[in-house]
Amino acid sequence: MVNRFASPRIMSFRQSGPGAKWLALGAGAVLVGTAAAWARRKLRSELSVAPGWPGRTPHWTSSAKQGVGSSLGTQSNLWFTLFDGVVTEVFWPRVDQPAVAQTEFIVTASDGHYSEEMRDTEHAIEYAHDGVPLFHLKNSCREGRYRIEKTIFSDPSGPVLLQRARFVPLQGRLDDYRLYVAIKPHLGNHGWRNEGWVDCYQGWNILFAKETGHAMAFAASTPWKKMSAGFTGVSDGRRQLRRYGYLRQTYRRAPFGDVTLIGEIDLAACGGEFVLALGFGAAPDEAALHVRRTLLADMAAIEDQYVRQWLDWQAGLGTQNVVPSPGRDLYRASAMVMAAHEDKRVRGAFVASLSIPWGEARKTDDLYGPVGYHVVWPRDLYMTASGLLAAGDGSAARRALDYCQATQQGNGGWPQNQAVNGRTVWTGKQLGETSMPVLLLDLLNRAQLLTCEDRRRFWPMVRDAVAQIVRCGPSAQEDRWENAAGFTPFTLSNMIAALVVAAELADEQDEKQVGTFLREVADAWHGDIDRWTYVNNTPLARRVGVPGYYLRVAPPDRYGEPVKYLGPSEFWYRPSRDQDHPPSEIVSVDALAYVRFGLRAPDDPRILDTIKVIDAVLKTETPFGPCWHRYSHDGYGEQKDGTPFDGRRGTGRLWPLLTGERAHYELLAGRPDEARRLLAAMERFAGDGNMLPEQIWDSCDLPKKGLYLGRPSGSAMPLAWAHAEYIKLRHSLAEGRVFDQPPQTRQRYVVDRVESPYKIWRENHRRRSIPAGKSLRIILNHPAMVNFACGEDTGRIETRDSGLEVHYVDLPTAHLPPGSTIRFRLNRPDANWAQTGAWFATVSDVVHVEAVEEFALSERKETLGAGQARPF
């Protein structure tokens, strides 16, 4: 084999004759020396690649944000979050795509001092202007050595985040310290797939990172003194800084792993004052261009433009139409939080929260994280849009409605949640979320923000949505808490409200047949609310001392009928030993939706009894005011010892937005003073930076875990829904009415007390009995011929199309006496039935006529115990 290091001259030494042996040995020495030099050069080159691939398992950071922000304009598609005095997740290029996990300073001193900004400093945060997301941070060393002052904002003209910083030595001199900044790129919503390196752009030293289609550039206004790219937890520089106080070894590149970039600020050159710029682009050069352009611009002018956009927007809000704050005024901050959750390119797409609950315990290998909230829930979108509408930003609410129209699925509904681009993320089906866009349209219409042409254009969206509700309801695959199937008050309330609202719009669009049908379905469902969700004489009712109450959810049996009294329920997020509670023993605050959506009067005896049970089971008094759990035996929250929720085990904590919902109920009940007291409690639940959390801690203080009674826990903060509830409550109290209660349902069911002549049978809800005097309506998703025998009457009737591609037929049962039996068979047409008239039988069923409404299935009559009386 020819040695690849040998040159032609060396090869020529290989000859015979005198001295050839010594010449060969000399050639070998030259060969070995050349190879060794090449190996040393190669080794030095490889030292530029950081060791320790791929780094530790990447995680996000804490969800308990102290601030969120973004430029209000559309040119800068960047969002940022703050926690413990540092920048945490930065989102780019969309509001649903975090690109950075964390950025923080590390300080060392010549005497061996080492400290990290998040862990070793006391943090203070304040707004430069009320409700403007330009934040002043002060982080003071717990040992009194130094203070770091920062102003955080973004460039309104491009995707660049700015930190105007000042390092102040409190002990010693500036040259006694070394200051480093470490940043963890998580481009493309991933922690594993990033490549980091150090390089120059137009003579500027820059820390770079990239992932497919995404790039990041990080630079300082003063040149980096040292730069390094390493793998997190292994070669990221922290070990060196702890041991030596400076970077002894730097690396130029860390490919495809969990990467951390680190740079040393030249304190002597800048006098301790400098600007950090973090920019993004589709390619590294584009990101670097954004950074360099911003750093060379007038920083004061950039900051002024950023602030001016927000102040101009605030000037158009309806701050004069709100009740005065009883304490800590969150109004402008809440409006800002909601507005900051909108995507810049896909307008109207509002994510639920710029946070990832218990992010420090969440791996980043899933596209959206196990439970990341940076996606669009139609329910939360409705809440945010209605909150902004209440605040006076009708344009934002209209954009949300346009977005709903554009992302409606072919079946007429919307997914459980979706990416900003409309791609389904979680695949559950929540009929309540299909109702929300219909109710948003009604809010905009009542605010006189829709023209006749607008209503005509949106009618197909509404039509398809309510058709989907009729086809799939009244039982839902998931309730609003996303972990239980069946008949549930909140979903029933907004579905019925959506049907009534849509009926009104159908009449206007000259589809009166559709309008009539929708009202009839809504009325029939409304008439069955108690049958489906009310229980009485249960052990819980007897403990509280009430006749009965509305339960959380009644799961469907094999017929689709509600199961309320018997059988354990499967509770998500609960250990198997806790899954032995019958549905009748699980109570929820959701029953208040019957009042909020105008289906029940606030003084209805059943509502008042339910509230007694809710308060006995779900209410907790905190030092800051009362708050409520979602439902009994909730498992979505920290574990009992404060350990983060792990996706399966946990204990549900208190939800501040439920204090707002209760305040709305108190207003409807004629107790505005109590509603104001609850408003004050909501304000006190807010964390630093005026952020309202999803949950607050409900148990004894756990200082080591950062958990204190009545203070934010580790779930989402801020939650846009909570801020929306707060804004609407301020307006509701000022106006003396609930801002988002549909007047159509209240008039129909509370004032006029409309009752339905029908009871509905569906293939997915095959009721076994109807009360005497009611007509049995069969609703199908296909045409059919119905052969029936009602008492002595027999016949066959062909179904009619409701106008929604939903078919129905009414059987003549109103005259039947109690004890009668209704038998029928559905015959579906074959593929060519219009031409051939051929039919084939699909379903046969029997329905009994009862003297009174039966709440339990006929098959269960024998199993009811002596102490289990039926509800009235």
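In this predicted model, Trp92 is buried, with a relative accessibility of 6%. The limit for buried is under 20% relative accessible area, so the value for Trp92 falls within that class. Phe280 is buried too, at a relative accessible area of 0%.

Trp92 and Phe280 form an aromatic pair. The distance between the ring centres is 5.3 Å. The planes stand 15 degrees apart, and the pair is stacked. Planes under 30 degrees apart count as stacked. The two residues come from distant parts of the chain, 188 residues apart. Trp92 belongs to the loop between strand S3 (86-91) and S4. Phe280 lies in strand S17, which covers residues 273-281.

Another pair joins Phe490 and Phe597. Here the centres are 5.6 Å apart. The planes meet at 85 degrees, so this pair is edge-to-face. The cut-off for that class is over 60 degrees.

Across the whole structure, the search finds 24 aromatic pairs. Phe80, Tyr127 and Phe135 make up one aromatic cluster.

Charged side chains also meet aromatic rings. The charged end of Arg552 sits over the ring of Tyr631, at 3.6 Å from the ring centre. Arg777 lies over the face of Tyr758. In that case the distance to the ring centre is 4.0 Å.

The largest pocket has a volume of about 1400 Å³. Its lining comprises 45 residues. Closest to the pocket centre are Ser62, Phe83, Asp84, Met118 and Glu360. The largest share comes from H4, with three residues. By residue class, the lining of the largest pocket holds 19 charged, 14 polar and twelve nonpolar residues.

Key. Residues numbered from 1 in each chain as written. Predicted model: local features only at pLDDT ≥ 70, side-chain atom pairs only at ≥ 80, totals over all residues. Heavy atoms only, no water. 1 Å grid on protein atoms, 1.4 Å probe; cavity = no way out; pocket = protein on both sides within 12 Å on 5 of 7 lines; lining within 4 Å. Points joined across faces, edges and corners; volume = space filled by probe spheres on them. Helix = DSSP H or I, 4+ residues; strand = E, 2+ residues; numbered from the N terminus. Nonpolar A, V, L, I, M, F, W, Y, C, P; charged D, E, K, R; others polar. Phe/Tyr/Trp six-rings, centres within 6.5 Å; stacked < 30°, edge-to-face > 60°. Buried < 20%, exposed > 50% of the residue type's maximum accessible area, 1.4 Å probe, protein only. Lys NZ or Arg CZ within 6 Å of the ring centre and 35° of its normal.
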